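Please read them with the coordinates open.

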Amino acid sequence: MENSLAVDYQLQENIGVIRVNNPPVNAMSQAVRMGIKQAVVEAQSDNCQAILLLCEGRTFIAGADIKEFGKPALDPSLSDLLATIEQSRKLIIAAIHGTALGGGFELALTCHYRCAISSAKVGLPEVKLGLLPGAGGTQRASRLAGVEAALDLISNGNPISASKALTLNLIDTILEGDLAEASIAYAQKLVADFAPIKRVSDINIEKDSIPTGFLDDARARFEKRFRGQLALQNIVSCMEAAIELPFDEGLRKERQLFVECMQSDASAAMRHLFFAERSAAKVKALDRSICAREIHTVGIIGGGTMGGGIAMNFANAGIPVILIEVDDCGVNRALKIVERNYGITVSKGKLSEEQKDHCLSLISGTTKYEELGDVDLVIEAVYENLDLKKKIFGRLDEVCRPGTILATNTSYQDIDLIASATGRPEDVIGMHFFSPANVMKLLEVVRGSKTADDVISSAMGVAKIIKKIPVLSGNCYGFIGNRMLRSYVSETQSCLIEGAAPEQIDGVMENFGMAMGPLAVGDLAGLDIGYTARKALSQEKKGAPKTYCIADALVEMGRLGQKSGSGYYLYDPETRGRMNDPEVLTVMQQQAEKLGIIRKPISDEDVLNRLVFSLINEGAKLLEEGIAQRSSDIDVVYVFGYGFPKFRGGPMQYADTVGLKKVCHIIDEFYNQYETPNWECARLLKSLATKELNFSAYT
Ligand code: T1G
């Protein structure tokens with residue numbers, strides 16, 4: 001065989017060894033599929049007694065090549081390759097290391113035997129892309145592991161360990177030592193033992209083994225939890241086919257259901273997010289030769305909810321943290337918050353007691369700034385008061401060594417003003433975490449006008465170490481996410497005072513796919529937080545009274561949200577379930593009258609378009625101003641920081657799905673109707689719509 005760059009085939013003693021080498025994750029590109037197929041065909045007639053398939057680099061095949069999706073199919077198809085493997089007259093063994101995922105694991109399931117090193121993981125994560133295993137994974141996994149275990153593996157999409165896979169009969173053995181050597185020895189032993197060719201497709205599923213109503217219950221569960229998401233419903237249909245149909249018919253049914261998912265907007269959105277998440281970590285025009293500063297120790301100023309949560313991120317990554325508080329009482333309180341949060345994580349089974357103790361041992365507290373003299377990074381996480389932040393940065397400038405990165409967790413203060421309190425503005429940067437900081441994946445990295453490139457590179461790099469998704473933002477009020485949130489909240493409040501009820505607005509947004517509607521979110525966070533923040537703002541920054549007068553009135557009535565038992569809703573003290581409250585209607589009517597607004601019904605469609613298009617329009621302005629690098633970065637911010645539904649792909653992806661011409665037309669209508677600057681259509685949006693381009697084409 002003419003060895004291609006991606007696939008090499010060599011005889012090693014009596015074993016034909018196929019090596020895949022397609023960095024970085026051995027994705028199953030057309031070259032890989034072609035190379036494997038040619039090797040398997042050649043092996044049928046050469047002197048090998050068995051065929052071994054393994055991969056170079058850090059992992060076994062991590063799936064079909066997602067970059068090929070949506071493009072014309074290239075032969076050989078994955079299905080064609082798998083048929084060739086399964087029908088091989090000689091034993092074929094897959095040797096797994098790293099993460100065998102998606103089509104990669106489906107290829108392994110088609111081999112006659114599977115071995116793995118103990119650190120390997122296997123999985124079928126297609127559902128995270130709005131897909132389902134489309135190359136026999138649903139039919140083969142259910143035959144090997146049983147329908148219930150297979151449905152669990154496929155519907156949650158999370159990888160499982162080699163030992164778990166062994167107990168589920170998804171692999172045959174776990175090898176120790178060097179995988180190449182051990183797997184060749186394993187293949188030779190199979191030959192010596194005259195091991196039979198085992199085709200998974202020959203296994204039949206005993207219908208009686210399936211609990212009554214199992215699939216119907218799964219359908220109902222998925223419909224409730226993943227409203228309207230096609231992939232999960234189609235996955236259940238695939239399991240039904242595995243139970244009811246002969247293998248080949250089941251394979252055809254799976255293929256048909258897979259293609260249906262592939263063609264859905266939801267899958268396009270989730271595939272968009274997969275790449276968006278990864279490209280967000282890349283800073284345009286940043287010289288790749290720049291070396292990031294190493295971060296081995298961290299200081300955190302302020303041990304409140306945010307400071308404690310931020311500290312946990314670094315401790316979880318094995319990085320020691322010094323927490324600074326104003327007095328010993330503050331230090332003790334801070335360490336207690338951290339200990340309590342770790343206790344919750346342990347109780348959820350996400351951390352062992354030993355891991356918790358190790359993390360806690362990495363977090364120390366003090367009132368002495370001098371102890372920050374040698375740290376590599378300091379993150380200020382005190383409350384939103386600019387003067388206090390400037391005072392802290394002045395102190396840090398005095399005590400921290402040259403080269404220490406000075407970061408602020410501010411969610412909207414001007415980074416340049418904070419930096420001006422130091423003699424080293426090039427070392428100052430924003431690192432905006434989202435609450436709860438030890439849970440939320442998003443990290444907005446905010447560059448000041450003088451922030452050095454290596455500081456930006458360091459902040460983006462340390463984000464990956466603490467398992468955050470970094471998005472670079474320019475320095476403006478609210479950066480990317482909170483600036484868009486301002487528009488969203490402004491439209492929410494306008495709809496409220498003009499005629500919509502809280503339950504209508506929240507219902508519309510929850511049907512759209514938001515985990516919680518904006519008013520329920522306000523009640524959860526506490527209406528007094530916004531109230532206090534507004535009191536510190538100038539009238540200009542506050543915006544039009546209609547965008548906050550209802551919230552202020554509720555707070556002044558003592559209705560602070562869930563914590564006070566009432567806000568926009570009444571809350572059941574036991575279940576904390578929300579109930580509509582006619583008294584809120586009275587408050588809205590009173591506030592409307594004060595402002596001379598005559599309330600009248602607003603359609604669900606208008607509520608949805610006003611809230612979502614306000615995000616899109618603000619996002620387009622952020623792009624125009626260069627605050628956001630890419631439209632996909634804006635999607636990453638709003639999905640991972642604000643709960644925008646993944647199956648919509650983010651506000652900008654959703655705009656592309658609706659069509660920018662239509663979005664523009666509706667925004668122009670809103671502008672003519674409401675005449676507010678918010679609704680002036682962003683120039684970039686209008687320009688792209690005129691040229692019939694999408695946001696995705698813009699960057
Ligand atoms: N296709 C193409 N590129 C991929 C890829 C894939 N499957 N997986 C990763 N990459 C790129 C990624 O974009 C990045 O590129 C680089 O590899 C490193 O990735 C028929 C239809 C394997 C756990 O869903 O979960 O098979 O940014 O930064 O953190 O049923 O990548 O460097 O240019 O994520 O070490 C199913 C997706 C596909 C697995 C490694 N498979 N990948 O994580 O590195 S659908 C998946 C991952 C399918 C079949 C169906 C992770 C990883 P760049 P990375 P990592």
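The points below cover basis, domains, charges, salt bridges and backbone details.

1. Basis. This is a predicted model, in which local features need pLDDT of at least 70 and side-chain atom pairs count only at pLDDT 80 or more, while totals for chains, interfaces and linings use all residues. Residues are numbered from 1 along each chain as its sequence is written, and side-chain values use heavy atoms, with hydrogens and water left out.

2. Domains. The protein chain is assigned domain 1 (7-262), domain 2 (298-473) and domain 3 (481-626 + 629-699). These bounds come from an automatic or database domain assignment. Between the C-alpha centres of domain 1 and domain 3 the distance is 45 Å.

3. Positive patch. R58, K67, K71, R278, K282, R288 and K464 form a positive surface patch. Patch residues have over 30% relative accessible area and no salt bridge, and like charges are joined within 9 Å. K282 sits in the loop between α11 (265-279) and β10 (298-301). Helices (H or I, at least four residues) and strands (E, at least two) are DSSP runs, numbered from the N terminus. K282 is partly exposed because its relative accessibility is 46%. The classes are buried under 20% relative accessible area, exposed over 50%, and partly exposed in between (1.4 Å probe, protein chains only).

4. Salt bridges overall. How many salt bridges does the structure hold? The count is 33. The criterion is a side-chain nitrogen of Lys or Arg within 4 Å of a carboxyl oxygen of Asp or Glu. One network of salt bridges links R293, D397, R424, D427 and D454.

5. K389 and E380 form a salt bridge at 2.6 Å, N to O.

6. A link between distant parts. R578 bridges to E510, with the closest N and O atoms 3.1 Å apart. R578 belongs to strand β19 (residues 578-579) and E510 to helix α19 (residues 502-512); the pair links distant parts of the chain, 68 residues apart. R578 is partly exposed at 33% relative accessibility, whereas E510 is buried at 15%.

7. A helix-to-helix pair. K686 and D668 meet in a salt bridge of 2.9 Å, N to O. K686 is in helix α29 (residues 683-690) and D668 in helix α28 (residues 660-674), so the pair ties together parts 18 residues apart in sequence. K686 is partly exposed, with 35% relative accessibility. D668 is partly exposed as well, with 27% relative accessible area.

8. Cis peptides. Please check two prolines. The bond from P23 to P24 is cis, with omega near 5 degrees, and P24 lies in the loop between β2 (15-20) and α1 (30-43). S435 and P436 are also joined by a cis peptide bond, with omega about -5 degrees. P436 lies in the loop between β15 (428-433) and β16 (442-447).

9. Positive phi. N169 is a residue other than glycine with phi near 70 degrees. N169 lies in the loop between α6 (162-167) and β9 (173-175), partly exposed at 38% relative accessible area. E692, also not a glycine, has phi near 55 degrees. Its loop runs between α29 and α30 (695-698), and E692 is exposed at 63% relative accessibility.

Definitions and conventions
Patch = residues over 30% accessible without salt bridge, like charges linked within 9 Å, V, L, I, M, F, W, Y side chains within 5 Å. Areas by Shrake-Rupley, 256 points an atom, 1.4 Å probe, with all protein chains shown as cover. Lys, Arg positive; Asp, Glu negative; His and termini not counted. Charge placed at Lys NZ, Arg CZ, Asp CG, Glu CD.
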